[in-house]
Amino acid sequence: MSRYTLAELAERFDVQVQGDAETLIEGVGTLASSGPGQLTFLANSRYTAQMRETGASAVVLDADSADECPTPALIARDPYLAFAKIAALFEKRAAAEPGIHPTAVVSPSAEVAETACIGPYCVIEDNARVEDGAVLGPYCMVGPDCVIGAQSRLVARVTLVIRVRLGRRVLVHPGVVIGADGFGIAVDAGHWTKVPQLGGVRIGDDCEIGANTTIDRGALEDTVLAEDVRLDNQIQIAHNVQIGAHTAMAGCSAVAGSAKIGSWCLVGGDAGILGHLEVTDRVTITSKSLVTHSIREPGEYSSGVPLQENRLWRRNAARFKKLDEYARRLTALERKDHD
């Protein structure tokens, strides 16, 4: 069992101790549910009342909240970030044993590092490469010409279809499919004809891909995620999309083909970005927004109609149809006033 004093945690994570520095921490929890031996955090002043009644042995918080804390504390500039780093010490994960499970199927032309771990029922196809310390959980499939970088981890049932390059320390959660064909079709004499998808996918170091997310390979060039991109669950990234470093996207968001998203962007849940658009660096797109034009300036952007009582929404929906008429009438009145 992992056990640390507040003094040890403070030295390790560059935070300050308030109160008894020898307080022992054996786990973490929420303000409401923590008990003796656990560490919790306060990152939002709305939960100050819960902090006053917490059963935790210590709280991570900022200097402005320290006077109200009834327990020993760790004072940090960013309590949420500090807590996240400390909580990682208590994450329980079985160590992966190097080697290839007897049920795995590995092509003779594939390269698997001796320090890699290949789990039950994995398939590694021709010319694929698995580098040092990489871990493949059960039922993962690594297609032809794919590369899994050092210390990357595919949790379970991950599919890399073809020509996928994962960087170092990439974490891919269950059900993810990377490198499937993009949605390319053309009309030929009244029928759809499939456009070949000949590119691949390149994913940079330290990325995380959430469960059941899909990232399509490019039509001619690669789909690209730069370093430290973080994708939540059930996200769709279409072919030839480019996403800049450190961008994070929440669940069920989607990016259509050939869109380019800059670095340090935040995309809210269920938001959509249309194809062939460009979003500059440091843009925040709020939940359920639809981006229909390129964004050239950093900032926060929203779209959509806020939730309303149904009868009011119906009346307003009927008026939406007349917006053009209202605008024309208003313009005519303004012109009349100027004459």
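This note goes through the domains, sheet, aromatic pairs, salt bridges and surface patch of the structure.

1. Basis of the model. The model is predicted, with local features requiring pLDDT of at least 70 and side-chain atom pairs pLDDT 80 or more, whereas totals for chains, interfaces and linings use all residues. Residues are numbered from 1 along each chain as its sequence is written, and side-chain values rest on heavy atoms, with hydrogens and water left out.

2. Domains. The protein chain is assigned domain 1 (4-89), domain 2 (99-301) and domain 3 (310-338); such bounds come from an automatic or database domain assignment. Between the C-alpha centres of domain 1 and domain 3 the separation is 55 Å.

3. Five strands form an open sheet with mixed pairing and the order 2-7-6-5-4. Its edge strands, strand 2 (16-18) and strand 4 (27-28), each pair on one side only. Strands are DSSP runs (E, at least two residues), as helices are (H or I, at least four), numbered from the N terminus, and two strands pair if DSSP finds at least two bridges between them. Strand 6 (residues 58-61) and strand 7 (residues 73-75) are parallel and share three bridges; Val 59 has Ala 73 in strand 7 as its bridge partner.

4. Aromatic pairs. There are four aromatic pairs in the structure. Rings of Phe, Tyr and Trp (its six-membered ring) pair if their centres lie within 6.5 Å; planes under 30 degrees apart count as stacked, over 60 as edge-to-face and the rest as tilted. The pair of Phe 41 and Tyr 80 is tilted because the planes stand at 50 degrees, with the ring centres 5.6 Å apart. This pair links Phe 41 in strand 5 (residues 38-41) to Tyr 80 in helix 3 (residues 79-87), 39 residues apart. Phe 41 is partly exposed at 22% relative accessibility, and Tyr 80 is exposed at 53%; buried means under 20% relative accessible area, exposed over 50%, and partly exposed in between (1.4 Å probe, protein chains only). Ring pairs join Phe 41, Tyr 80 and Phe 83 into a cluster.

5. A stacked pair. Tyr 121 and Tyr 139 are stacked, at 5.1 Å centre to centre and 10 degrees between the planes. Tyr 121 lies in the loop between strand 11 (117-118) and strand 12 (123-124), and Tyr 139 in the loop between strand 14 (135-136) and strand 15 (141-142), so the pair ties together parts 18 residues apart in sequence.

6. Salt bridges. The structure holds 14 salt bridges, each a side-chain nitrogen of Lys or Arg within 4 Å of a carboxyl oxygen of Asp or Glu. One of them joins Arg 3 and Glu 26 (2.8 Å, N to O). Another is formed by Asp 181 and Lys 194, whose closest N and O atoms are 3.1 Å apart. Asp 181, Lys 194 and Arg 217 belong to one network of salt bridges that share partners.

7. Surface patch. Val 305, Trp 313, Phe 320, Leu 323 and Tyr 326 make a nonpolar surface patch of about 490 Å². Helix 4 (310-320) and helix 5 (323-338) are the elements that give two or more residues to this patch. Patches consist of residues with over 30% relative accessible area and no salt bridge, like charges being joined within 9 Å and nonpolar side chains (Val, Leu, Ile, Met, Phe, Trp, Tyr) within 5 Å; accessible areas come from the Shrake-Rupley method with a 1.4 Å probe, and for residues only the protein chains shown count as cover. Leu 323, in helix 5, is partly exposed at 48% relative accessibility.
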